[in-house]
There are 2 protein chains.
Amino acid sequence: MTSEILEDIKKEIMDKLPKNAQVSKVEFEGPEVVLYTKNPEIITDNGDLIRSLAKELRKRIIIRSDKSALLGPEETIKKVHEIVPEGAEITDIYFDTVTCEVVITAKKPGLVIGKYGVTSRTIVKNTGWAPKILRTPPISSDVIGKIRTTLKSSSKDRKKMLQRLGRQIHQGTKHPNDWARVTSMGGFKEVGRSSMLLQTPNSRVLLDCGVNVAASDNKNAFPYLNVPEFSIEELDAVIISHAHLDHCGFVPYLYHYGYEGPIYCTTPTRDLTTLLQLDHLDIAHREGNPLPFNVKHVQKAIKHTITLDYGEVTDISPDIRLTLHNAGHILGSAISHMHIGDGAHNLVYTGDFKYERSRLLEPATFRFPRAETVIMESTYGGREDIQPSRNSAEKEMMKTIYKTLKRGGKVLVPVFAVGRAQELMVVLEEYMRHGMIDEVPIYIDGMIWEATAIHTARPEYLSKDLRDQIFHMGRNPFISDMFNKVQNLDQRKDIVESNSPAIILSTSGMLTGGNSVEYFKWLCEDDRNTLIFVGYQSEGSLGRRIQKGWKEVPLEEDNKTKVFNVKMEIKTINGFSGHSNRRQLMDYVKRLNPRPDKVITCHGDPYKTTDLASSIHRSYKIETKSPVNLDSVRIH
Amino acid sequence: MTSEILEDIKKEIMDKLPKNAQVSKVEFEGPEVVLYTKNPEIITDNGDLIRSLAKELRKRIIIRSDKSALLGPEETIKKVHEIVPEGAEITDIYFDTVTCEVVITAKKPGLVIGKYGVTSRTIVKNTGWAPKILRTPPISSDVIGKIRTTLKSSSKDRKKMLQRLGRQIHQGTKHPNDWARVTSMGGFKEVGRSSMLLQTPNSRVLLDCGVNVAASDNKNAFPYLNVPEFSIEELDAVIISHAHLDHCGFVPYLYHYGYEGPIYCTTPTRDLTTLLQLDHLDIAHREGNPLPFNVKHVQKAIKHTITLDYGEVTDISPDIRLTLHNAGHILGSAISHMHIGDGAHNLVYTGDFKYERSRLLEPATFRFPRAETVIMESTYGGREDIQPSRNSAEKEMMKTIYKTLKRGGKVLVPVFAVGRAQELMVVLEEYMRHGMIDEVPIYIDGMIWEATAIHTARPEYLSKDLRDQIFHMGRNPFISDMFNKVQNLDQRKDIVESNSPAIILSTSGMLTGGNSVEYFKWLCEDDRNTLIFVGYQSEGSLGRRIQKGWKEVPLEEDNKTKVFNVKMEIKTINGFSGHSNRRQLMDYVKRLNPRPDKVITCHGDPYKTTDLASSIHRSYKIETKSPVNLDSVRIH
């Protein structure tokens with residue numbers, strides 16, 4: 001079946017391309033059709049033809065030069081430097097001989113591409129090598145470095161994997177697509193360990209595979225992978241909505257237990273996922289509660305990841321076509337749109353989403369070609385979950401900081417590394433630049449810095465405002481010198497011992513460990529200082545206790561328990577959440593275009609998922625369901 | 001694990017039994033513990049001890065003699081005839097050397113057993129052979145004959161199967177029983193192809209596996225066996241609620257595709273199931289639309305059936321204990337009670353049930369040790385589904401028959417072979433015996449006779465009234481000479497050509513084929529005759545058209561279409577249904593003891609299942625669900 005499909009495609013390509021294109025080979029590589037030519041010049045001159053061909057075939061087409069048409073490496077490097085303007089600031093060039101690509105890393109990748117791709121095309125014409133262009137992040141990122149090294153060293157394996165996957169995706173459907181269903185494997189009527197299995201007569205796709213880091217035991221920490229319809233051997237694909245651990249933290253486990261298939265997500269999601277998974281392994285190891293997988297499985301996951309841009313339509317199985325859309329929650333977060341069968345059904349899974357413009361991101365996409373069933377999060381789905389506007393939250397924040405700095409105090413903001421930290425950085429940079437708060441050093445501790453580096457590597461995923469600033473006004477708030485990287489104990493001591501005011505962002509966000517607790521111990525007994533909570537503090541966490549007003553807090557120091565007298569000002573500011581609040585959730589469903597037939601709620605406390613479901617049903621007369629883990633819902 | 005469990009049981013048995021019991025072997029045979037003794041006398045004298053041991057072990061215990069303690073066959077036969085009184089009317093004796101049983105078939109099996117089993121025990125003491133006592137049905141039954149022959153010839157295979165099963169059931173649980181769920185595979189929001197899969201972390205059990213004989217194509221005729229959580233290899237057990245094809249018709253398919261496990265049902269269900277499955281194969285073959293299995297697979301199903309009496313508690317998997325209870329629907333119909341885990345959850349599946357005493361059967365059981373979830377049928381679950389009382393239906397019926405016979409006409413009742421036909425026979429016999437209608441011949445055509453024969457073989461399953469009549473008053477209505485068996489065309493012609501009045505019961509019940517249509521053609525043009533419908537006539541059937549008042553009916557005769565002028569009286573009498581009507585369904589839930597936490601409705605048109613579910617929720621504040629096929633519902 002695969003070879004038949006491939007033959008048909010080959011024939012169509014041959015018929016449409018000019019004779020002198022000299023196509024030497026056509027093959028599937030994952031979801032894409034790869035076309036090898038001995039005459040790259042002709043092909044690059046026929047861009048429109050290739051685009052219309054791709055549209056007709058409903059496949060993505062990649063052009064590569066036949067080995068015989070490739071220039072030698074040294075000459076190629078010389079040519080590239082001739083062709084690309086110096087302003088691009090190329091930092092690295094290497095050759096992937098498996099894919100016949102020259103990988104060019106540059107500080108200004110746009111200049112390597114050129115207007116409408118003209119520079120990039122010139123490289124092909126002159127060298128035969130297809131340029132793959134990467135950004136050198138303005139803040140260097142360890143994680144991105146590691147990922148690039150991993151991919152570089154596994155190019156051959158990856159090609160084999162993609163070819164195998166290509167055959168699998170294009171094998172044709174074996175059964176009529178007369179049903180589709182979704183099994184809840186985690187994160188239904190709860191928050192944490194999000195995971196669900198989409199099943200059709202022809203495929204099995206896992207949407208998210210998270211862990212509940214707050215769970216008391218392993219039984220509640222991981223998704224129900226023992227549900228009878230799930231088997232790693234039969235899994236076609238994994239989709240990750242975004243990088244938070246409750247959505248991606250258990251993915252390496254799949255590779256530990258024999259999964260050899262792909263992960264689909266955006267590039268920032270892959271990068272941030274890797275960062276958080278490695279950190280999770282670290283913490284679990286340090287706490288003596290090791291995870292059922294290790295670093296090797298994180299690397300295996302990287303090797304099997306296929307990154308997709310928003311809006312890129314991709315076949316992921318014989319009968320499912322995936323498109324990712326912006327979810328507005330964190331960098332790279334995606335709403336997954338799955339087109340099942342030949343028009344049989346369309347499923348939208350929102351993941352976590354924010355239906356409001358934030359400093360960092362555009363609001364979530366609400367328009368889809370078709371959408372019969374929508375599975376949506378309900379974190380703030382209760383009728384009382386209305387939060388102050390982002391604007392008033394910012395004002396409140398600045399007032400508090402202003403007062404603290406004026407009295408010579410320090411501000412400590414415990415914050416989660418990915419998402420809210422960068423949101424606050426953008427806000428602080430702007431207010432400080434406009435002189436609305438005093439210009440004091442802002443300390444960015446530990447992992448937040450690394451997460452920020454990843455943000456600077458993927459500016460295409462930021463809000464239009466930020467992109468305008470970065471690309472057109474040449475001002476990247478993340479690299480402002482207001483921000484100071486902190487990475488060791490000495491630096492921390494210097495900061496707290498200095499008498500001058502400062503703002504400190506540090507993890508963890510709920511004071512459940514990490515350096516935020518150390519800062520707290522140093523700063524809490526001085527009434528000039530302020531602690532600002534900007535995120536949810538879960539029951540039982542130190543953050544929650546302080547929020548409740550505890551004035552004497554026993555904490556461990558030098559292996560002894562010491563009681564700290566909390567004199568610092570304690571402030572909670574709502575409104576910076578990356579989740580839609582109740583009004584935004586309801587508005588989102590109202591605005592959804594087209595209107596869905598069925599809405600399934602997940603990712604929320606039991607009361608919130610059912611309250612949101614019944615409100616949607618009552619207000620919009622849409623069928624709703626609020627399943628529990630291990631329920632399956634037929635959607636078609 | 002199995003051997004450990006077996007060793008423990010062995011030890012306990014040895015400790016409790018007197019030394020001279022000389023137990024030579026203890027083994028599992030399916031759900032039972034079999035104990036071989038060299039001294040059967042001692043064991044039979046210690047009945048109370050064995051009973052208390054069984055209770056303690058929570059296992060059924062079977063006692064067999066060691067081969068060395070068995071008397072020779074000829075001597076045994078002589079002894080049996082000496083011990084058993086002549087009035088028992090023994091018709092057959094044979095030896096099952098695999099199970100060390102002497103199988104005694106008798107017209108009065110009660111006399112072979114003796115008061116409190118004294119006769120049976122005397123046989124063991126004197127011969128070593130354990131007597132297995134079967135009834136010679138007063139009406140001879142082909143099907144029961146076939147089943148007995150099949151079992152006789154497969155004794156060795158069956159023992160192997162049971163030993164394998166014994167090991168499987170007693171292997172101990174591998175996972176904690178922290179969840180249980182049910183997947184709808186057929187017969188949800190529809191009638192036909194009933195089937196659902198009960199899953200726990202340790203087992204998979206299929207409840208019913210029916211066909212929809214009225215379906216237009218195979219896709220809608222058979223259950224969704226392609227649901228991902230179902231696999232024949234992993235199936236532990238099949239339970240059949242009752243013999244109608246929409247609950248058992250697809251079971252042979254499982255054996256065709258490699259199932260080697262057991263079926264659990266009552267003895268009458270096994271017998272009637274075999275009858276209806278064979279008939280279904282016949283019809284399908286004749287109509288040129290063969291089924292995806294054949295007679296061999298029906299036989300394989302017989303060999304794998306373990307019959308259970310009502311109330312007999314049986315382990316069917318490492319974590320499920322099954323008890324069948326009377327459902328009041330047809331002979332042998334059962335409500336399945338499943339005790340899951342060690343008190344984790346209790347599930348009740350009603351199958352089809354009648355919560356009202358009928359002529360034939362006692363009303364459905366409503367009292368269970370525990371019952372957190374109840375899955376119930378909703379055939380008449382709509383608020384308008386109130387039917388006339390059984391009493392007034394009987395009166396209406398007799399009035400109509402009386403008038404017809406008085407004017408010299410014949411009465412034709414098209415009726416389904418199993419259930420309603422026997423109900424009517426009991427009614428007719430009583431009214432005629434009491435002289436309330438004229439004494440005319442009642443003709444019982446084709447399969448109805450065979451189904452009735454099976455009823456006479458299993459009188460223990462009939463209503464108390466009928467049992468009293470049969471056992472204590474020596475009067476079995478089914479063998480009254482009012483009833484005449486009809487089995488060929490000549491007999492049929494004689495009946496319709498004779499000028500004297502008569503009553504004819506014939507299949508099919510909706511005039512969709514079978515001899516009822518032939519009778520109709522012969523009788524319909526004479527206005528002295530009457531046609532009485534006592535069952536549901538589905539849309540599109542000839543029965544429905546006639547019910548609607550068609551006066552000219554085109555039908556095939558001698559390969560030509562002929563128009564018949566319907567002049568006979570047409571009458572519909574409701575109230576004989578084997579299903580609970582709406583009021584009875586609601587009353588049943590109200591009476592359920594204990595009160596369930598959750599009720600799941602199935603087996604009904606979409607409107608009826610949801611209407612019943614929402615009424616139960618509103619009236620009794622019980623959580624209800626009304627799933628569709630392919631949904632899974634977590635019950636624990």
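**Figure 1. Overall view of chain A in the predicted model.** Chain A contains 22 helices and 28 strands. Its C-alpha trace spans about 80 × 60 × 45 Å along the principal axes. The radius of gyration of chain A is 26 Å, which agrees with the value near 26 Å for a compact globule of 636 residues. Of these 636 residues, 50% count as buried. Among contacts between residues of chain A at least 6 apart in sequence, 73% join residues at least 24 apart. The mean pLDDT of chain A is 94, and 100% of its residues reach 70 or more. For the complex, the predictor gives an ipTM of 0.88 and a pTM of 0.92.

**Figure 2. The interface between chain B and chain A.** In this view, 15 residues of chain B are in contact with 15 residues of chain A. On the side of chain B that touches chain A, the elements giving two or more residues are strand S7 (181-186) and strand S28 (632-634) of chain B. The largest share of this side, three residues, comes from S28(B). Sorted by class, the side of chain B that touches chain A has six nonpolar, four polar and five charged residues.

**Figure 3. The symmetry that relates the two chains.** Chain B is superposed on chain A by a rotation of 180° with 0.0 Å of shift along the axis, at an RMSD of 0.1 Å. That is the relation of a two-fold axis. The same surface serves both copies, since 100% of the contact residues of chain B recur in chain A.

Figure 4. Helix H13 (residues 295-303) of chain A has as its buried residues A:His297, A:Val298, A:Gln299, A:Lys300, A:Ala301 and A:Ile302. Among the elements that cover the buried residues of H13(A) are the helices H7 (142-153), H11 (251-256) and H12 (267-286) of chain A. The cover also includes strand S11 (263-265) and strand S12 (305-307) of chain A.

**Figure 5. The loop that holds A:Arg58.** A:Arg58 lies in the loop between helix H3 (47-57) and strand S3 (60-65) of chain A. This residue is exposed, because 9 other C-beta atoms lie within 10 Å and a residue with 12 or fewer counts as exposed. A:Arg58 and A:Val313 are 255 residues apart in sequence, yet their C-alpha atoms are 8.7 Å apart in space.

**Figure 6. Cis peptide bonds in chains A and B.** A cis peptide bond, with omega about 0°, joins A:Asn593 and A:Pro594. A:Pro594 belongs to the loop between helix H21 (582-591) and strand S26 (598-602) of chain A. In chain B, the peptide bond from B:Asn593 to B:Pro594 is cis, with omega near 0°. B:Pro594 is found in the loop between helix H21 (582-591) and strand S26 (598-602) of chain B.

Figure 7. Phi of A:Leu511 is near 55°, a positive value in a residue other than glycine. The loop between strand S21 (502-506) and helix H19 (515-523) of chain A holds A:Leu511. A:Leu511 is buried, with 26 other C-beta atoms within 10 Å. B:Asp208, another residue other than glycine, has a positive phi near 65°. B:Asp208 is found in strand S9 (residues 204-209) of chain B, and is buried, with 31 other C-beta atoms within 10 Å.

Terms used
Residues numbered from 1 in each chain as written. Chains lettered and ligands numbered in written order. Predicted model: local features only at pLDDT ≥ 70, side-chain atom pairs only at ≥ 80, totals over all residues. Contact = placed C-beta atoms within 7 Å. Helix = DSSP H or I, 4+ residues; strand = E, 2+ residues; numbered from the N terminus. Nonpolar A, V, L, I, M, F, W, Y, C, P; charged D, E, K, R; others polar. Least-squares fit on C-alpha atoms with pLDDT ≥ 70 in both. Buried ≥ 20, exposed ≤ 12 C-beta atoms within 10 Å, placed from the backbone. Rg over C-alpha atoms; globule rule 2.2 N^0.38 Å. pLDDT = per-residue confidence, 0-100.
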